[in-house]
Amino acid sequence: YAGREVWQACCGPLGQEAELQALWERDTQELDQRRLDWVARVAGATAVGKGKADVLAEVHNMDALGPAGLRLQVGESVDVLEDGSGMNQGFFVVRSATGKGAVG
């Protein structure tokens, strides 16, 4: 393991590993952009939400939400604008009390 770390520090990631890391980075950026576009589309076009919801638990890993995410606090009330589907199933576009639309 230490030899691998020294090699990477001097010479960079190994061939297939570098390709895989680049693929993961590209996929991450594409997903983040799709979520940002989703939030912008829904929050910009939706004046009235589907209903109110109270936050029951906080997100433990904000990286899962990416830049479209909003850290909500337990007990906070939000307007639910749209339910996610497909890869976004289990996520919602919400509008916080401050008026910010985000994935929550």
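**The core and its setting**

Tutor: Start with the overall form. A compact globule of 104 residues would have a radius of gyration near 13 Å, but this chain, a predicted model, has 18 Å. Its C-alpha atoms fill a box of roughly 55 × 25 × 20 Å along the principal axes. The chain holds two helices and four strands. From the N terminus on, they run α-α-β-β-β-β.

Now the core. Of the 104 residues, 27% count as buried. In soluble globular proteins, nonpolar side chains tend to be buried together. Here the largest nonpolar core has nine residues: W38, V39, V42, L65, A68, L81, F91, V93 and V103. Helix α2, residues 15–45, gives the largest share, three residues.

Look closely at V42, one of the nine. Set aside its neighbours within four places in sequence. V42 is then in contact with L81, E82 and V93. L81 and V93 belong to the core as well.

Step back to the whole chain. Take contacts between residues at least 6 apart in sequence: 52% of them join residues at least 24 apart. As for charge, the chain has 10 positive and 15 negative side chains. The centres of the two sets lie 6 Å apart.

Note on methods
Residues are numbered from 1 along each chain as its sequence is written. This is a predicted model: local features need pLDDT of at least 70, side-chain atom pairs count only at pLDDT 80 or more; totals for chains, interfaces and linings use all residues. Side-chain values use heavy atoms; hydrogens and water are left out. The radius of gyration is taken over C-alpha atoms; the globule rule is 2.2 Å times the number of residues to the power 0.38. Buried means under 20% relative accessible area, exposed over 50%, partly exposed in between (1.4 Å probe, protein chains only). Contact means heavy atoms within 4.5 Å. Lys and Arg count as positive and Asp and Glu as negative; His and the chain ends are not counted. The place of a charge is taken as NZ of Lys, CZ of Arg, CG of Asp or CD of Glu. A nonpolar core is a set of buried Ala, Val, Leu, Ile, Met, Phe, Trp, Tyr and Cys residues joined through side-chain atoms within 4.5 Å.
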